[in-house]
Amino acid sequence: GQKGITRRCLQIWNRAQAYERSDLKNISTNKLVQEVIRKNIEFAEVGFPLLLQTIVYGIMGMEIIQKLIKKWDDIPFSTLLSGIPGNKTTEGALVMYRLSIMSSSFKQKFLETPVDEISSLLKSSNEGREFEKKLNAFLDGYGHRGPKEFDIGQPRWSDDPRFIFQMMKNYLQLDKEDSTPLQHFENMKKEREKLTTLIRKRLSKSLLSRLFPIKKWLLTFALKKAHFYVPQRENNKFYSLKMFSATRRVFLELGKRLREKGCLIKKEDIFFLTIPELERFSQNLEAQKQTIKEIVKKRNLEWNKFMKIEPPFIIRSDGKSVDYHTNQHQEEGSSLQGAAASAGRIKGKARIIMDPAQGCDFNKGEILVAPFTDPGWTPLFLTAKALVMESGGVFSHGAVVAREYGIPAVVGVTGATKAIKTGDEIIVDGNEGKVILEID
């Protein structure tokens with residue numbers, strides 16, 4: 001049940017937190033490798049059933065709601081999933097926004113200081129040191145996240161807080177007349193509640209439906225499931241990434257030891273080795289120096305080559321790609337077709353962001369066009385006007401967060417980052433699932 005899921009999530013968090021804080025110095029290299037295997041197997045045994053349960057119940061709730069409202073074109077389904085509390089990804093972005101609320105004098109200093117120098121700025125005044133305390137509290141709860149966070153070789157926010165500083169500079173662009181992300185989230189919650197009341201009234205119009213309110217009961221049941229389990233889809237990632245962060249720390253300790261032994265040029269090169277190789281090499285590092293160097297060099301070259309390849313939209317379980325084209329040309333100018341992920345139709349300037357580290361280039365009110373998003377991108381959503389994404393479906397991260405913030409979104413738009421240029425005026429139609437490129 002829901003209480004059981006909450007309890008297991010807390011169990012995962014506590015285990016990962018203890019693992020992240022454990023003393024590694026007095027553990028042998030071989031035991032460190034064995035420990036990282038054991039800990040991640042333990043996590044998978046708890047985490048995978050949790051993920052499966054979340055997806056099944058979340059989809060079930062969403063399907064029931066869609067069937068109940070399908071005859072009413074004036075009721076956008078995505079609004080019924082907007083402004084839902086309990087999503088750790090959304091919560092983290094809103095907490096980050098709260099960090100940006102500061103005095104006008106410190107705000108000016110913050111905006112004028114280059115991102116690379118903000119850490120020094122924080123130590124130079126009482127106000128800066130107070131802000132640093134708040135930042136550290138934020139990192140305690142959310143510092144295990146980061147851009148490209150499912151790649152264990154990538155730094156977390158706690159490793160490199162510059163992304164946070166970039167996002168805060170973005171939030172500080174908001175004018176007094178702009179609705180803040182906190183106000184916007186609250187408005188979406190009110191809109192959802194208003195729409196839910198309207199649906200209940202429509203489901204109770206006939207005498208029969210009042211005597212036997214089966215559809216109203218189904219709506220209550222489905223909303224309860226969707227509102228709990230859809231955010232849990234993101235929360236699974238949140239807790240998983242806490243374990244990723246703890247595991248990353250162990251690998252970096254191993255990398256440090258191999259570097260000191262002359263096996264690696266830098267400790268981060270450890271991520272080019274597999275766990276079975278680490279198990280084997282840790283038995284006699286001295287004899288394996290040259291082998292390790294050759295493997296790392298080869299895989300570094302392969303990694304750089306693979307990073308330039310554009311993956312297919314769909315890959316089958318046997319590794320073969322599926323010929324899948326979503327792009328179409330509509331009557332209303334040239335357009336790209338995708339999947340409708342969050343309702344609404346809006347016009348605005350596009351901003352191509354290929355990597356969340358480019359967040360400092362993103363301005364309030366622009367349309368975010370990205371190849372994909374993961375939870376590390378979420379802070380960008382707070383000031384985005386709409387979302388266009390090349391990959392993903394209606395249950396993907398970008399779709400879930402766009403619905404919660406109430407911004408139009410179209411996902412699965414093949415070639416969007418090539419067909420659209422930064423500065424282009426486009427229309428994002430989250431009702432029809434299309435992006436109109438040429439506007440007369």
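Select Leu-121 to start: not counting residues up to four places away in sequence, Leu-121 touches Phe-106, Lys-109, Phe-110 and Thr-113, a contact being heavy atoms within 4.5 Å. This is a predicted model, in which local features need pLDDT of at least 70, side-chain atom pairs count only at pLDDT 80 or more, and totals for chains, interfaces and linings use all residues. Residues are numbered from 1 along each chain as its sequence is written, and side-chain values use heavy atoms, with hydrogens and water left out.

Leu-121 sits in helix H5; helices (H or I, at least four residues) and strands (E, at least two) are DSSP runs, numbered from the N terminus. Its relative accessible area is 13%, so Leu-121 is buried. Buried means under 20% relative accessible area, exposed over 50%, and partly exposed in between (1.4 Å probe, protein chains only). Ser-103 is 18 residues away from Leu-121 in sequence and 15 Å away in space, C-alpha to C-alpha.

For a contrast, select Lys-71, in the loop between helix H2 (29-69) and H3. Lys-71 counts as exposed because its relative accessibility is 62%. A distance drawn from the C-alpha atom of Lys-71 to that of Val-95, 24 residues apart along the chain, comes to 38 Å.

Next, select residues 126-142, helix H6. The 17 residues of H6 should span 24 Å at 1.5 Å a residue, and the end C-alpha atoms are 24 Å apart, which agrees; the expected span is 1.5 Å times one less than the number of residues. Colour Gly-128, Phe-131, Glu-132, Leu-135, Phe-138, Leu-139 and Tyr-142, the buried residues of H6. They cover an arc of only 120 degrees around the axis, so they lie on the same side of H6; the arc is that of the directions from the helix axis to the C-beta atoms. An α-helix has 3.6 residues a turn, so residues three or four places apart point the same way. Asn-126, Lys-133, Lys-134 and Asp-140 are exposed on the other side of H6. Show helices H3 (88-99), H4 (104-112), H5 (118-122), H7 (162-171) and H10 (214-260) to see what the buried residues of H6 pack against.

Move to strand E4, residues 367-370. Ile-367 and Val-369 point one way, Leu-368 and Ala-370 the other way, and all are buried. E4 pairs in the parallel sense with strand E3 (residues 345-352) over three bridges, and with strand E5 (residues 386-389) over four; pairing requires at least two DSSP bridges between the strands. Ala-350 stands opposite Ile-367, while Leu-387 in E5 is the bridge partner of Leu-368.

Now pick Phe-381. Beyond its neighbours within four places in sequence, its contacts include Leu-368, Leu-387, His-397, Val-401 and Tyr-405. Helix H13 (residues 397-405) is mostly covered, with nine of its nine residues buried. Gly-406 follows H13 and has a positive phi, near 75 degrees.

Which residues have the most contacts inside the largest nonpolar core? They are Phe-110, Phe-131, Leu-258, Leu-273, Ile-292 and Phe-381, in a core of 80 residues. H10 gives the largest share of this core, ten residues. A nonpolar core is a set of buried Ala, Val, Leu, Ile, Met, Phe, Trp, Tyr and Cys residues joined through side-chain atoms within 4.5 Å.

Finally, colour by pLDDT, the predictor's confidence in each residue, from 0 to 100. The protein chain averages 86, and 96% of the residues score at least 70. Over residues 326-332 pLDDT stays under 50, and the model has 19 contacts for them beyond four places in sequence.
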